[in-house]
Amino acid sequence: MTAKAQTIRQIPKRRNKHKKAGTIAIPFLITILLSTFLLGGTATYFYRLLTKDTRELAVMPTATASISEEDINEILFVMTPKDDIRELVVMLLHFDPVRKIEYCIGIPNNLEVEHNDKKMTVEQCAATYGASVLRDAVGEALDQPIDRYISMDSDGFQKITSIFGNAAVIVTVHDYGISPADTAQNLDSTQLETLLTSNKFFNESERTAIIGIAVSSLINQSKSERIAANLDGYFNAVVNACTTDITAMDFSDHRHAIQYVFEHCQAPAKTLSIVGEEDADGVFHLSEDFTDALKTAFSQKSSSK
């Protein structure tokens with residue numbers, strides 16, 4: 001057979017090879033396309049599913065506690081010193097996180113209050129009936145409902161004030177460990193107790209004014225971030241250091257408001273001095289307009305002009 005004939009016979013074989021390859025390629029391509037479509041559809045389904053979940057989670061509202069008028073509270077603080085010759089310390093705290101204010105008001109020991117239709121001084125009421133009755137009696141005298149009380153001795157005072165740190169106060173009397181100066185002095189808890197319980201003041205009005213000033217300074221100069229971060233532990237420390245009608249539920253209900261004030265309020269504590277005069281027996285009587293002025297300060301409706 002000639003070379004030309006061999007060449008002619010080999011040509012059909014090459015064409016048959018290409019036909020076989022084409023026959024295999026077409027189903028293969030179809031398979032690839034179907035697989036891509038199916039896998040792509042599956043991937044799209046899961047992608048949409050995951051994306052849908054992500055979007056739903058992103059728009060879910062966060063649970064945040066709001067500050068309201070319900071968080072406004074008034075607490076009567078009573079501190080009985082160990083030494084009988086030293087003075088009882090009584091102070092009203094008006095806590096208002098809505099307006100970012102804490103009013104610290106010293107209450108005179110000789111302020112006239114009433115219980116069971118019997119008139120007496122704050123000091124006599126505390127000694128005879130205790131802090132619970134004193135809370136109601138002072139509240140009635142000031143025409144202010146007082147929600148809770150905290151009663152402590154000297155040890156309790158030391159523990160509670162140590163939470164806040166020192167207080168910068170202008171000292172105007174000579175007493176154990178303290179002496180007058182023209183500038184504010186940085187008093188530790190022991191010196192602060194000496195100042196607030198001192199019987200060296202000119203009168204009770206001067207001492208109670210210092211109580212409000214000193215406690216305001218104690219709050220404003222404290223490390224508020226530290227207190228906010230350890231609020232639960234400090235609450236337990238306060239409860240264990242005193243006698244109080246503040247419950248764990250009370251703390252839980254208003255915890256967010258307390259933390260808010262310490263985290264976001266700069267120098268929230270202010271002081272007000274009670275206005276009145278002493279009679280011939282040394283009993284302090286409130287000025288007729290003071291309770292209305294107090295309502296104005298507390299952003300409450302005044303009962304008179």
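Student: Is helix α6 largely enclosed by the rest of the structure or largely open, and why?
Tutor: First, the ground rules. This is a predicted model, where local features need pLDDT of at least 70 and side-chain atom pairs count only at pLDDT 80 or more, while totals for chains, interfaces and linings use all residues. Residues are numbered from 1 along each chain as its sequence is written, and side-chain values use heavy atoms, leaving out hydrogens and water. Helices are DSSP runs (H or I, at least four residues), numbered from the N terminus. Buried means under 20% relative accessible area, exposed over 50%, and partly exposed in between (1.4 Å probe, protein chains only). In α6, 12 of the 17 residues are buried, so the helix is largely enclosed by the rest of the structure. Among them are I210, I211, V215 and L218.

Student: What span should α6 have?
Tutor: The expected span of a helix is 1.5 Å times one less than its number of residues. For the 17 residues of α6 (residues 204-220), that gives 24 Å. The end C-alpha atoms are 24 Å apart, which agrees.

Student: Which residue caps the N-terminal end of α6?
Tutor: N203 does. One of its side-chain oxygens lies 3.3 Å from the backbone nitrogen of S205.

Student: Where do nonpolar side chains tend to be in soluble globular proteins?
Tutor: They tend to be buried together. A nonpolar core is a set of buried Ala, Val, Leu, Ile, Met, Phe, Trp, Tyr and Cys residues joined through side-chain atoms within 4.5 Å. Here the largest core has 39 residues, and C104, I150 and L192 are among those with the most contacts inside it. Its largest share, 6 residues, comes from α6. Another core, of 28 residues, lies apart from it and includes V133 and I274.

Student: How many disulfides does a search of the whole structure find?
Tutor: A disulfide is a pair of cysteine sulfur atoms within 2.5 Å. The search finds 0. C242 is buried at 13% relative accessibility, and C265 is buried at 8%.

Student: Is R226 buried or partly exposed?
Tutor: R226 counts as partly exposed, at 30% relative accessibility. It sits in helix α7 (residues 224-229). Contact means heavy atoms within 4.5 Å. Not counting residues up to four places away in sequence, R226 touches I163, F164 and Y234. R226 and I163 are 63 residues apart in sequence, yet 9.6 Å apart in space, C-alpha to C-alpha.

Terms used:
Helices (H or I, at least four residues) and strands (E, at least two) are DSSP runs, numbered from the N terminus. A polar contact is a pair of N or O atoms within 3.5 Å; within protein, one must be able to donate a hydrogen and the other to accept it, and residues adjacent in sequence count only if both atoms are side-chain atoms.
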